[in-house]
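Hi everyone, thanks for coming. Let me put the model up on the screen, and then we'll walk through a couple of spots in it.

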Amino acid sequence: MSGYQLRGVHGQTVEALARRILSGEIPEGATLDLLALREELDVSLTALREALKVLSAKGIIDARQKRGTFVRPRSGWNMLDGDVLRWRSAGPPDPDLLEHLAEVRSIVEPAAARLAAQRATEEDLADLDAALARMGEAAGNPGKLVDADLDFHRALLGATHNQLVVQMERVIASGLAMRDQVVHNADPADDPVPSHRRVLDAIREGDAEGAEQAMRALVDKASEDLKRISGR
């Protein structure tokens with residue numbers, strides 16, 4: 001389930017509760033005072049309980065007899081859920097989260113590039129070409145550059161034609177969006193087109209080894225840029 005910020009009172013209640021919990025305003029282990037929350041959020045008890053069901057399904061809260069409804073330890077949250085990733089990335093950059101997402105990228109994307117070189121169709125190549133072209137046109141515009149970069153990496157995962165790899169898009173996209181916002185805003189002169197073109201050229205040529213190496217170089221540079229800018 002995702003996109004609750006667009007779904008009326010129910011969605012707004014989910015969003016408000018989630019952001020309070022993920023920001024630490026409502027800490028792990030805290031028992032929720034439902035009557036107080038209902039008044040603070042100005043919603044019915046029914047709407048509040050429906051919102052809590054959503055958060056429970058994502059592993060964020062739980063309810064027990066005698067203890068009531070409480071925030072679960074962060075280790076039990078569904079960190080791969082699209083909404084949880086979005087909520088975590090909505091606030092100020094979290095260095096630990098950025099590092100963890102970078103590690104996931106380094107594991108997934110080079111292997112995805114290898115598969116894409118073996119399986120990409122003409123339609124896949126056209127999608128990658130279009131995203132790369134938008135990346136070039138977005139020079140100097142960090143917002144458009146982030147969007148084009150995300151489109152390229154989504155197209156890359158799609159070109160693997162592996163349903164499970166494609167599902168990693170929500171993790172890769174969150175990591176990319178957070179990293180790009182930090183890097184491109186801090187260093188707008190950085191040009192990502194050449195490194196992405198090397199990946200695409202290898203995929204087009206069916207060079208699995210070359211595609212994997214080019215993508216590994218790309219994600220390694222992305223990680224190094226982030227460490228340089230964040231001072232870690």
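So, Val 193 is buried, with a relative accessible area of 11%; buried here means under 20% relative accessible area, exposed over 50%, and partly exposed in between, using a 1.4 Å probe and protein chains only. Quick word on what you're looking at: this is a predicted model, where local features need pLDDT of at least 70, side-chain atom pairs count only at pLDDT 80 or more, and totals for chains, interfaces and linings use all residues. Residues are numbered from 1 along each chain as its sequence is written, and side-chain values use heavy atoms, with hydrogens and water left out.

Back to Val 193: you'll find it in helix H10, residues 193–204. Helices are DSSP runs of H or I with at least four residues, numbered from the N terminus.

What does Val 193 touch, not counting residues up to four places away in sequence? Leu 132, Met 135 and Gly 136, where contact means heavy atoms within 4.5 Å.

Now over to Val 108, in helix H5, residues 95–119. Val 108 is buried too, at a relative accessible area of 16%. Leaving aside neighbours within four places in sequence, Val 108 contacts Leu 157, Met 168 and Ile 172. Its C-alpha atom is also 7.9 Å from that of Val 165, which is 57 residues away along the chain.

Last, zoom out: the chain divides into domain 1 (9–76) and domain 2 (92–230), with bounds from an automatic or database domain assignment. Their centres, taken over C-alpha atoms, are 35 Å apart.

Conventions. Helix = DSSP H or I, 4+ residues; strand = E, 2+ residues; numbered from the N terminus.
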